[in-house]
Amino acid sequence: MRMKYLSALLLIVIQLFSCAHAREIVLAFDDTLGHSTSLDGTARTKMLINSMARADVKQALFLIKTKKLTANTLDRMMYYDETGQLIVNAGHNYSLLHRAKSYGYPIDIMKSNAALEPYVNYHQHITYPYLDGGGDSELLEQLKRYLAEHNYLPIYVTTQVHDEYMNKLYQIRIESGRTVDIRALEKAYVSMIMDKVLAYEARAFLTLGRSPRQVLLLNENDLAAYCIIGVIDALNDKGFKVIAPEKVFTDPVLNPYFVSNFTANTLNNFITGLPEAKREWPYVASKQDKEKIHSYLRVQGLENLIPQ
């Protein structure tokens with residue numbers, strides 16, 4: 001009964017906000033510089049960025065894991081930079097999350113920083129999984145201190161979906177030589193994202209009494225390249241304004257992590273002071289997450305993408 005009441009309350013808040021004032025949201029992309037799939041890697045990057053530009057979104061965050069920066073991906077890295085995307089240091093090797101010695105983290109960050117320094121649109125913005133993953137408190141404090149002392153500029157993420165799982169199902173279908181109704185798949189993809197964005201806003205409003213800026217993290221994959229215009233249109237239809245991240249993550253007034261000096265593990269924790277559940281890393285779709293994505297596919301008549 002309690003869950004039904006809370007769900008109904010969230011729905012009312014979502015409906016109220018869908019026709020209220022314009023809200024702001026930043027787009028961010030992880031899993032960058034990935035290998036070619038049904039789309040060539042370079043074609044995918046250019047399609048994604050050009051599609052955003054056509055929808056009047058000139059800049060997004062691109063989280064770069066520099067281990068993937070090779071001779072084969074250099075053209076994509078240059079395209080991020082040439083088109084004015086904000087480049088974010090995501091470390092060199094995520095396996096360092098499990099390293100027992102604290103010196104491993106600065107070495108990893110310095111290595112990725114050196115690789116990114118030549119790019120005009122890299123300004124030492126950083127995202128580092130260990131900051132969100134909890135982990136050893138002593139190592140966490142050492143990492144925060146190192147980042148602050150070396151003038152790294154933190155970014156944060158508020159909203160994340162398991163688009164990588166939906167994309168995986170799409171790739172399996174394509175690789176088997178069978179067709180997919182891409183327009184129906186776009187509707188499922190957009191619905192998945194919008195439900196998460198609106199649910200976050202509703203919870204934030206119930207807690208804070210206002211609508212905080214969101215940072216939506218997607219993966220740079222084929223579905224993003226095909227469907228990003230649909231996502232931006234849906235956001236606009238619900239009163240969201242997609243804004244450039246550069247000012248948000250450079251201005252200390254707009255970025256609360258500057259004020260907290262890296263002492264908040266998450267944005268919500270900093271704003272509300274309330275503890276949050278430890279964020280799992282890596283961010284892998286659970287059985288429940290997968291079932292939810294299957295439901296979006298069923299609504300659009302895409303049962304043939306669902307594993308049997």
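This is a predicted model: local features need pLDDT of at least 70, side-chain atom pairs count only at pLDDT 80 or more; totals for chains, interfaces and linings use all residues.

Tutor: Let's start with confidence: pLDDT is the predictor's confidence in each residue, on a scale from 0 to 100. Residues are numbered from 1 along each chain as its sequence is written, and side-chain values use heavy atoms, with hydrogens and water left out.

The mean pLDDT of the chain is 83, with 76% of its residues at 70 or more. Over residues 8–21, though, pLDDT is below 50, and that stretch has 19 contacts in the model beyond near neighbours in sequence. A contact here means heavy atoms within 4.5 Å. Residues 258–265 also stay under 50, and the model gives them 26 contacts beyond four places in sequence.

Now the strand itself. Helices (H or I, at least four residues) and strands (E, at least two) are DSSP runs, numbered from the N terminus; by that count the chain has 13 helices and eight strands. The one I'd pick is β7, residues 214–219, where six of six residues are buried. Buried is under 20% relative accessible area, exposed is over 50%, and partly exposed sits in between (1.4 Å probe, protein chains only). In a regular strand the side chains alternate between the two faces of the sheet. In β7 both faces are covered: Gln214, Leu216 and Leu218 are buried on one side, and Val215, Leu217 and Asn219 are buried on the other.

What does β7 pair with? Two strands pair if DSSP finds at least two bridges between them. Strand β1 (residues 23–30) runs parallel to β7 and is joined to it by six bridges, with isoleucine 25 standing opposite glutamine 214. Strand β6 (residues 159–160) also pairs with β7 in the parallel sense, over two bridges, and there threonine 159 stands opposite leucine 216.

Parallel pairing turns up elsewhere too. Strand β3 (residues 86–89) pairs that way with β4 (residues 122–126) over two bridges, where asparagine 89 has isoleucine 126 as its bridge partner. Then β4 and β5 run parallel, joined by two bridges, and histidine 125 stands opposite leucine 153 in β5.

Next, the packing. A nonpolar core is a set of buried Ala, Val, Leu, Ile, Met, Phe, Trp, Tyr and Cys residues joined through side-chain atoms within 4.5 Å. The largest one has 66 residues, and Leu27, Phe29, Met52, Met166, Tyr189 and Leu297 touch the most other members. Helix α8 (residues 182–208) supplies the largest share of this core, 10 residues. A separate core of 14 residues lies apart from it, including Leu61, Leu63, Ala90 and Val248. As for Met52, leaving out residues up to four places away in sequence, it touches Leu27, Phe29, Val57, Ala60, Phe62, Gln85, Ile228 and Ile232.

Leucine 33 isn't a glycine, yet has a positive phi of about 60°. It sits in the loop between β1 and α2 (41–54), and its relative accessible area of 4% is why it counts as buried. Asparagine 151, also not a glycine, has a positive phi of about 60°; it lies in the loop between α6 (137–149) and β5 (153–154). It counts as exposed because its relative accessibility is 56%.

Leucine 74 belongs to helix α3 (residues 74–82). At 36% relative accessible area, it is partly exposed. Setting aside neighbours within four places in sequence, its contacts are Leu69 and Tyr119.

Zooming back out, buried residues make up 50% of the 308 in the chain. Of the contacts between residues at least 6 apart in sequence, 80% join residues at least 24 apart.
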